Amino acid sequence: MRKPISRRNFFRIAGGAALAAAGISVLPGIVGKGWLSPTQSAGAQDVPPDLFFAATDGWIGLPASPAMPPYHPDNMAPTPFTTYVFGFRNVTGLNQTQVMAQKMRAQHSAPMFWVNQETTMRLQLTNLGLAIRPDLVDAHTLHWHGFRHVIPFFDGEPMGSVSVPIERSFTYVFRPHDPGTYMYHCHVEDIEHVHMGMTGMVIVRPTQNGNTSLYPSGRYVYNDGDGSTGYDREFGLLLSEVWNEAHWDDSHIQLPQWTEYRVDFGLINGRTWPDTIAPNAPFAPSASNPDAFTFAVARAADGDLTPPPGSPHLQYQPQSSLITCNAGERVLLRFANLGFTEAAMTVTGIKLRVIGRDATFLRGRTGADTSYLTSTVTFNAGESADVIFTAPAYRGPDPYDTYLLYNRASTHGNGGQMTEIRVHPAGALPPQTLPNT
Amino acid sequence: MTMFKFKWMRWGLALGLLLTLLSTNSAVRPQAVVAQSTPTDGIVCTTSANATFTLRTETGYVGMSDDNTVFMWGFSIAGQPFQHPSPVLCVNQGDTVTVIVQNTLSEDISLIFPGQENVFANGAPSAPQFSGGALTSLAPVAAANGGAMTYSFVATRAGAFIYQSGTSPDRQVRMGLFGALIVRPTRSTGNPDTRYVYDSGDVVYRAGKEFMVLLSEVDPFLNQAVERGEPFDMSLYKPRYWLINGRGFPDSIAPNFAAWLPSQPYGALARINPYDAVANPYPALVRYLNVGTIEFPFHPHGNHGRIVGRDGFPLIDDGGADLSFDKFSVNVGPGQTWDATFDWRDNEGYSENNPVPITIPNLQNMAFGMFFSGSPYLGLSGTKPVGDTAMTQCGEYYIIAHNHALFQLDSWGVPMTGPATFTRVDPPLPNTCPQ
């Protein structure tokens with residue numbers, strides 16, 4: 001009695017057929033061309049993934065007031081949470097028992113991850129199923145949105161490729177050639193799965209990084225050749241939206257009518273103001289919880305997330321959007337929008353230079369500088385924008401100056417896409433080691 | 001559940017697409033438009049030796065992806081049946097374009113040509129029309145119930161443009177009185193394999209690889225009110241369908257002139273071969289046009305479009321600097337046209353001899369898409385689970401392109417329809433794909 005959805009039914013049928021295939025595979029002599037057994041590729045053996053993500057459902061905490069009965073807060077949500085989501089979790093380094101224990105512990109937004117240009121990265125995805133919706137046997141995928149010239153096998157678009165059924169795994173291999181700001185999301189039933197929270201940011205770092213002759217930090221957005229995209233600090237800001245009714249529908253075995261879509265909450269990195277400026281969940285990097293490709297968020301003994309200090313309702317919203325910098329520093333804001341409506345991020349008192357869009361350096365093929373200054377950056381669903389500003393002089397008298405960065409296009413009242421830029425006196429903050437810190 | 005049944009019929013139609021692709025050369029197509037050529041995919045040009053077109057209004061019904069049908073108006077070449085969208089008029093730069101509008105509707109209509117200059121209406125400068133100080137039309141009208149008006153202009157700039165009603169456009173454009181106008185530069189590249197997009201700059205595309213993405217929206221209550229002759233409160237306007245070339249997915253990937261879409265002749269499947277420095281060095285060209293009321297952020301997977309011009313203006317500055325840019329979201333605003341070149345490159349060169357560096361799971365441990373050949377490798381077809389629906393022909397890739405305002409990827413409650421299509425990447429030539 002669920003949805004008149006083609007692909008979901010298609011997967012059910014495909015699953016049934018797969019079971020038949022499994023039955024055949026146990027018969028001796030039937031296995032042909034290796035396709036019914038795992039296909040071992042040269043060099044693939046014993047190569048562990050760089051990242052291991054799990055897809056599942058869970059709860060997040062949004063402002064409970066004002067309430068929107070019956071949709072918000074969700075009456076099924078355990079305290080202190082309000083809203084049902086689907087999402088990804090980073091389960092790299094966890095053992096099998098711990099991985100399985102993350103079912104019903106999705107986070108939003110999904111873990112930001114980063115990879116160096118020309119570096120091969122393996123990302124294993126497993127599907128833990130949906131605890132609240134055992135009737136929904138959806139597969140999941142990881143679609144790297146904007147990756148140029150991908151083969152369908154690694155694109156995660158389920159019609160032209162494969163997807164990951166419940167309790168199965170698949171490893172995506174990426175070797176990015178183009179630096180910039182990207183995003184990723186599940187592409188199965190993607191109206192629903194994207195809206196339910198399976199959305200995150202991806203950063204590709206340029207090969208120019210490490211060259212301190214062009215900019216002292218040696219960190220760049222693009223291979224600019226002249227240091228014009230050098231920066232001291234970077235902050236990834238992934239925008240998403242919550243339509244309360246759609247989230248409630250999924251927890252209550254109901255079906256939203258998507259053409260009625262509206263935005264009740266605008267989120268940055270999975271949180272609404274003022275939670276956006278709450279700290280990151282604590283980090284605990286280790287050999288089994290590396291931070292080479294993503295944040296090494298501290299994990300409990302059973303693998304669960306640890307809430308940011310003082311914010312138990314943000315246990316599954318670990319990523320902060322607080323922007324801190326010293327006067328005079330160059331600060332990179334990476335914007336990406338996986339909501340369904342156009343955003344207009346604005347700030348008063350700071351000039352923003354848009355130096356890239358959609359992982360493309362704004363420099364024409366014949367060298368013309370097409371970057372531009374603005375105070376409001378607009379970008380629509382599925383677009384990204386790279387913005388650099390030079391932190392203005394410290395004015396005081398507080399320990400830092402505060403500038404508000406917010407979505408001017410936001411028409412909804414319940415929490416918003418707003419965060420703070422805090423400018424400290426020159427030299428007050430130590431160099432940044434990880435994004436969003 | 002009837003909806004289940006409906007959806008499976010949809011996929012049956014998609015299956016029919018591929019069968020039709022196999023037999024298109026012999027297929028009998030309804031002659032909905034006077035077309036220069038009728039390829040199964042790619043833009044369908046309506047041409048005229050002297051760039052003169054007689055467009056007569058027709059009314060009819062358009063099929064949506066939820067199996068609803070919607071009453072629609074449109075222009076057809078006089079004598080041809082109703083079609084949606086209206087014909088793609090293709091002319092050459094410098095042509096004096098003449099469009100004779102014959103109005104069979106019961107209200108005045110007109111045509112405007114955004115992006116064109118010095119348009120004439122019955123020989124006089126076309127200008128907004130006023131009555132008693134009130135604006136009545138953006139251009140001189142073809143009067144209701146049999147009136148006619150002749151518009152003419154010199155197509156001075158190459159590019160993609162929209163033509164549309166200038167009378168009550170908020171209602172008449174939404175009712176379907178719109179179409180695309182393609183102006184081609186007259187200069188030659190000197191290479192029979194390529195065409196210039198504009199009359200300046202060096203952007204070329206592979207001849208015959210030109211595609212259209214015409215984005216529109218429909219509020220069925222408006223169309224129903226018009227059909228019944230009832231008033232419609234425009235403050236209640238709310239689109240429920242979003243279309244690409246007048247079709248929703250999966251109709252969008254059916255061939256041009258698919259027999260089961262008699263009034264929606266234009267497909268949106270883009271069929272290309274991989275880039276090859278020798279054999280296939282030139283990109284394809286997409287004409288994006290938006291006749292809706294908001295920006296549509298169209299997202300082609302697998303490649304960036306290189307945006308080479310907008311509204312018929314090449315992205316070149318006065319000094320000749322190339323200002324074109326790559327984008328993975330082609331964010332076409334209302335009334336805008338964007339021209340983008342694109343290709344698909346087999347960057348990693350994966351093949352059986354250069355396999356994907358993973359252990360491919362067992363068959364039963366993956367869910368298979370119906371447009372997946374069963375093999376990761378271009379040109380190969382692998383084993384798929386027994387009973388699996390296999391829509392591929394020759395190991396080709398299907399790479400989706402869709403509107404990323406995802407609530408619009410819906411047909412009034414049927415998700416995963418609406419403005420989506422595929423880029424079909426065939427293996428390098430020669431291949432075994434039916435042409």
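**A walk through a predicted complex**

Residues are numbered from 1 along each chain as its sequence is written, while chains are lettered from A and ligands numbered from 1 in the order in which they are written.

Is B:Gly123 buried or exposed? B:Gly123 is exposed, because 7 other C-beta atoms lie within 10 Å; the cut-offs are 12 or fewer for exposed, 20 or more for buried, and partly exposed in between, with C-beta atoms placed from the backbone. From B:Gly123 to B:Ser152 the C-alpha distance is 7.8 Å, although 29 residues separate them in sequence.

Now to helix α3 of chain B, residues 220-228, whose buried residues are B:Leu222, B:Asn223 and B:Val226. Down the axis of α3(B) these fall within an arc of 95°, so they line one face of the helix, the arc being that of the directions from the helix axis to the C-beta atoms. Just after α3(B) comes B:Gly229, with a positive phi of about 70°.

Finally, a word on confidence: chain B has an average pLDDT of 92, and 91% of its residues score at least 70, where pLDDT is the predictor's confidence in each residue, from 0 to 100.

Conventions: Predicted model: local features only at pLDDT ≥ 70, side-chain atom pairs only at ≥ 80, totals over all residues. Helix = DSSP H or I, 4+ residues; strand = E, 2+ residues; numbered from the N terminus.
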